[in-house]
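Welcome, and please load the model in your viewer. We will go from one selection to the next, with a short note on what to look for at each stop.

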Amino acid sequence: MEAAHKQPAQAQVRLSGKEWEELRETMRLLELPSTSDALREGLRLLHHEAKAEAMAQNISLFYRQRSAPPPEGDPAPTEEEFAAADASEW
């Protein structure tokens with residue numbers, strides 16, 4: 001599998017008119033020079049989001065119906081702290 005991702009590959013995609021316009025607008029906003037660059041960036045972000053979703057699902061499976069514990073050294077807020085935060089004004 002290691003060698004498979006090193007080989008360049010081509011893909012073809014069919015876009016609606018709206019999708020094409022959104023892609024072109026995104027390319028302008030992000031200063032992406034080509035459609036290929038834009039699609040690669042989109043795939044990179046999609047892959048990143050999929051990995052984050054998989055991690056979240058793994059955490060949910062691990063804890064099942066329980067809540068995940070707060071980080072060590074960061075105790076859960078008390079009712080008084082919640083009330084003070086609710087009463088504060090920005």
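Start by selecting Glu 31, which counts as exposed at 69% relative accessibility. The bands used on this tour are these: buried is under 20% relative accessible area, exposed is over 50%, and partly exposed lies in between, with a 1.4 Å probe and protein chains only. Glu 31 sits in the loop between α1 and α2. Check its backbone too: phi of Glu 31 is near 55 degrees, a positive value in a residue other than glycine.

A word on the model before we move on. This is a predicted model, in which local features need pLDDT of at least 70 and side-chain atom pairs count only at pLDDT 80 or more, while totals for chains, interfaces and linings use all residues. Residues are numbered from 1 along each chain as its sequence is written, and side-chain values use heavy atoms, with hydrogens and water left out.

**The whole chain**

Now zoom out and switch to a cartoon view. How many helices and strands are there in the protein? There are three helices and zero strands, where helices (H or I, at least four residues) and strands (E, at least two) are DSSP runs numbered from the N terminus. Along the sequence the pattern reads α-α-α. The radius of gyration of the protein is 22 Å, well over the 12 Å that the globule rule gives for 90 residues, so the protein is more spread out than a compact globule. That radius is taken over C-alpha atoms, and the rule is 2.2 Å times the number of residues to the power 0.38.

If you draw a box along the principal axes, the C-alpha atoms fill roughly 60 × 40 × 25 Å. Colour by accessibility next: buried residues make up 4% of the 90 residues. The protein exposes about 9000 Å², and carbon and sulfur atoms supply 56% of that area. The areas come from the Shrake-Rupley method with a 1.4 Å probe; for residues, only the protein chains shown count as cover.

**Helix α1**

Select residues 17–30, which form helix α1, and show the side chains of Glu 22 and Lys 18. They meet in a salt bridge at 3.8 Å, N to O. A salt bridge here is a side-chain nitrogen of Lys or Arg within 4 Å of a carboxyl oxygen of Asp or Glu, and the structure holds three of them. Glu 22 and Lys 18 are four residues apart, about one turn of the helix. Glu 22 is partly exposed, with a relative accessible area of 40%, whereas Lys 18 counts as exposed at 60%.

**Helix α2**

Move to residues 35–63, helix α2, and pick Asp 37 and Arg 40, which are three residues apart and separated by about one helical turn. Their side chains form a salt bridge at 2.6 Å, N to O. Asp 37 counts as partly exposed at 25% relative accessibility.

Next, pick Glu 41 and Arg 44. Both lie in helix α2, three residues apart, and their side chains also meet in a salt bridge, at 2.6 Å, N to O. Glu 41 is partly exposed at 27%, and Arg 44 is partly exposed at 46%.

**The largest pocket**

Which classes do the lining residues fall into? They divide into six nonpolar, four polar and one charged.

Ala, Val, Leu, Ile, Met, Phe, Trp, Tyr, Cys and Pro count as nonpolar, Asp, Glu, Lys and Arg as charged, and the others, Gly among them, as polar.

**Toward α3**

Select Arg 64, in the loop between α2 and α3 (79–87). Its phi is near 50 degrees, a positive value in a residue other than glycine, and Arg 64 counts as exposed at 65% relative accessibility.

Ala 56, in helix α2, is 24 residues from Glu 80 in sequence and 30 Å from it in space. Glu 22 and Glu 80 are 58 residues apart in sequence and 48 Å apart in space.
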